[in-house]
Amino acid sequence: MARTTDSTRRALFPRRTFFLLLGLALFMPPFVLLIQVSTGDDSFCGSWCPRMFFLWREGTTLSAFLFGWLRSWAGVLLVFSIIGVTFFFGRLWCSHLCPIGGSLELGSRIFPRRLSIPYASIPAVPIRYGYFAVYLIAPAIGLGSLACNYCNFAAVPRVVAAGFGSPADIAYFLRTAGIINLALILLLGIFARGGRAYCNFLCPVGAIDGLVNRASARFGKRVRIDQHACNDCGNCTTVCPTSSISENQEGHRIDQLSCLPCGKCQEVCDDQAISYRKLVCPTQ
């Protein structure tokens with residue numbers, strides 16, 4: 001069987017880096033090219049909000065709820081576009097274009113790996129969907145909302161804008177919510193091994209995306225392991241940024257609730273047991 005060459009590994013990694021940088025240019029300050037061109041906004045707040053429109057708040061009428069969808073029409077289109085792409089091709093938005101996850105991952109590459117925090121031993125799925133349940137239920141029963149004060153689509157761009165000297169964004173990180181958000185970004189992003197712990201634990205859009213990824217895994221392309229070719233070396237589990245690869249009695253398996261098709265596991269698999277493809281055998 002052909003082995004993955006060093007040149008192939010180098011080719012895989014820079015290509016995704018290009019898309020991560022493209023996502024920053026399209027959605028992050030100071031450029032926010034797509035957002036500015038389409039709506040004239042300068043952030044994910046307002047028309048581009050991808051997190052608030054699907055929340056039902058206590059006392060909200062149906063007309064007010066539907067108006068929220070119209071107010072955030074660009075965010076609605078973005079989320080449903082993400083769902084559509086994920087259904088057929090896997091979580092390409094999260095792995096290649098999301099400016100929030102992309103900026104945290106790129107930042108984590110600068111931070112020394114030997115000093116980074118490993119989160120692989122923490123069960124991500126229960127935490128992610130426990131948080132997601134609170135995110136949905138709390139505003140519906142009048143306990144407040146996590147949508148704005150602790151929004152990753154607002155907090156991460158604020159960090160970038162503050163770096164460019166924006167007084168309003170600097171002031172935000174001097175408030176309680178800003179301090180908490182900054183700590184989460186650092187601990188679960190920049191200082192995290194792989195840079196994707198925030199995405200894996202606390203992103204509501206990522207939680208929805210993961211459910212679609214699992215539900216449609218039989219219909220579209222996903223990262224899959226050929227158990228017959230796998231030699232159980234475990235290299236893939238070490239590099240997976242979302243800790244979605246585990247080992248059981250049947251061999252290594254990929255949890256499609258967490259997997260991003262980032263290709264890092266493919267890069268370290270010398271036996272080419274991991275590939276991005278449609279389902280062929282029901283046991284894969």
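**Loops, cysteines and a helix crossing in a predicted model**

Ser243 is partly exposed, with a relative accessibility of 33% (buried means under 20% relative accessible area, exposed over 50% and partly exposed in between, with a 1.4 Å probe and protein chains only). The model is a predicted one, in which local features need pLDDT of at least 70 and side-chain atom pairs count only at pLDDT 80 or more, while totals for chains, interfaces and linings use all residues. Residues are numbered from 1 along each chain as its sequence is written, and side-chain values use heavy atoms, leaving out hydrogens and water.

Most residues other than glycine have a negative phi, and most peptide bonds are trans. Ser243, in the loop between α13 (235-239) and β2 (245-248), has a positive phi near 50°. Helices (H or I, at least four residues) and strands (E, at least two) are DSSP runs, numbered from the N terminus. Gln272 also has a positive phi, about 55°; this residue sits in the loop between α14 (264-267) and β4 (274-277) and is partly exposed at 39%. A cis peptide bond, with omega about 5°, links Pro29 to Pro30, and Pro30 belongs to the loop between α1 (6-27) and α2.

The loop between α2 (33-39) and α3 (62-71) holds Gly59, which is exposed at 73% relative accessible area. Gly59 lies 9.8 Å from Pro139, C-alpha to C-alpha, although 80 residues separate the two in sequence. Ser47, in the loop between α2 and α3, is buried at 18%. Leaving aside residues up to four places away in sequence, Ser47 touches Thr39, Asp41, Arg71, Ser72, Trp73, Ala74 and Gly75 (contact means heavy atoms within 4.5 Å).

Two packed helices are described by the angle between their axes and the distance between the axes. The axes of α3 and α4 (residues 73-89) come within 5 Å and cross at roughly 80°, so α3 is roughly perpendicular to α4 (65 to 115 degrees; under 35 is roughly parallel, over 145 roughly antiparallel and the rest oblique). Axes here are lines fitted to C-alpha atoms, for helices over the stretch in contact, with angles from 0 to 180 degrees between N-to-C directions. Trp69, Leu70 and Arg71 of α3 meet Trp73, Val76 and Phe80 of α4.

Finally, the whole structure contains 0 disulfides (pairs of cysteine sulfur atoms within 2.5 Å). For Cys199, the nearest cysteine sulfur is that of Cys98, 6.0 Å away; Cys199 is buried at 18%. Cys236 is buried at 8%, and its sulfur is 6.2 Å from that of Cys233, too far for a bond.
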